[in-house]
Amino acid sequence: MSRRRKFHLYLTIVTFSTGFLVATSFETNKLTRKERMNDQLFQQETQLNDRILAEKEQNRHLENQLLDLQRQVGKVEEAMAERKSEAAETLSQLDAARMLAGVVAVQGPGIVITMQDSQNAANSADIANYIVHEQDVRLVVNELRAAGAEAISINGQRVVSNSEIRCIGPTIIVNGIKSAAPFVVTAIGNPDTLDSALNLPGGVLHSLQDFVQISVAKKERVELPAFVGDAKTKHS
């Protein structure tokens with residue numbers, strides 16, 4: 001083999017080897033870069049998973065806090081509702097007490113009883129038997145109270161627990177205020193119940209109708225004024 005051929009052979013071998021080494025190096029670098037990229041992706045994925053787990057744990061913690069707050073709010077709302085109910089009941093009782101005490105004006109269904117002297121009074125030998133007396137008005141008021149009347153007035157004067165009905169001549173005094181016939185007794189309550197109580201056989205109206213004029217009217221709405229005066233003072 002001549003030198004030239006040997007040289008070409010060596011050159012070919014060197015060139016091939018060099019190409020092989022270059023190709024191998026390229027592939028090795030490529031694989032190395034790929035491995036690095038895979039490592040980075042793995043690290044990033046691991047970090048992302050860690051963040052997801054941390055976020056889930058934080059969310060669970062926040063959900064527990066929310067549930068706890070909701071329970072606390074529920075307890076507060078229950079307490080407020082209970083207090084509101086108690087306050088409403090107390091206010092209702094207070095309103096009822098005020099109405100019974102007569103310190104506030106009231107309105108509602110009821111009846112109106114008008115009592116007048118008999119037309120025969122002037123021609124009677126004993127006029128006193130045919131005019132309205134305080135005991136007649138008192139009988140009507142007591143019957144209304146027994147029948148469940150919630151409030152009563154006489155000629156615009158509110159009747160309270162210590163009100164007295166007194167007679168001076170042909171006039172009647174209620175709460176220190178004098179008024180003459182006709183005497184109008186107004187009561188709040190169930191109109192049918194109050195009317196039935198007054199019209200019982202042998203009752204108040206039957207015992208008075210032969211001596212004085214009495215009329216009863218059931219009303220869907222009547223108004224009674226508040227008591228004016230000192231509720232602690234008993235009229236005498």
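User: Why does Y130 count as partly exposed in this predicted model?

Analyst: The relative accessibility of Y130 is 23%. Buried means under 20% and exposed over 50%, with partly exposed in between, so Y130 counts as partly exposed.

User: What makes F211 partly exposed?

Analyst: F211 has a relative accessibility of 38%, and that value counts as partly exposed because the class covers what lies between buried, under 20%, and exposed, over 50%.

User: Why is the pair of Y130 and F211 called tilted?

Analyst: The ring centres are 6.2 Å apart and the planes stand at 45°. Rings pair if their centres lie within 6.5 Å, and planes under 30 degrees apart count as stacked, over 60 as edge-to-face and the rest as tilted. Y130 and F211 therefore form a tilted aromatic pair. The structure holds one aromatic pair.

User: What makes this pair a tie between parts apart in sequence?

Analyst: Y130 is in the loop between β1 and α2, and F211 is in the loop between α4 and β8, so the pair ties together parts 81 residues apart in sequence.

User: How do you know that the buried residues of α3 line one face of the helix?

Analyst: The buried residues are P191, L194, D195, A197 and L198. Seen down the axis of α3, they fall within an arc of 160°, so they line one face. They pack against β1, α2, β7, α4 and β8.

User: What does the side chain of N190 reach at the start of α3?

Analyst: One of its side-chain oxygens comes to within 3.0 Å of the backbone nitrogen of D192.

Key:
Residues are numbered from 1 along each chain as its sequence is written. This is a predicted model: local features need pLDDT of at least 70, side-chain atom pairs count only at pLDDT 80 or more; totals for chains, interfaces and linings use all residues. Side-chain values use heavy atoms; hydrogens and water are left out. Buried means under 20% relative accessible area, exposed over 50%, partly exposed in between (1.4 Å probe, protein chains only). Helices (H or I, at least four residues) and strands (E, at least two) are DSSP runs, numbered from the N terminus. The arc is that of the directions from the helix axis to the C-beta atoms. Contact means heavy atoms within 4.5 Å. A polar contact is a pair of N or O atoms within 3.5 Å; within protein, one must be able to donate a hydrogen and the other to accept it, and residues adjacent in sequence count only if both atoms are side-chain atoms. Rings of Phe, Tyr and Trp (its six-membered ring) pair if their centres lie within 6.5 Å; planes under 30 degrees apart count as stacked, over 60 as edge-to-face and the rest as tilted.
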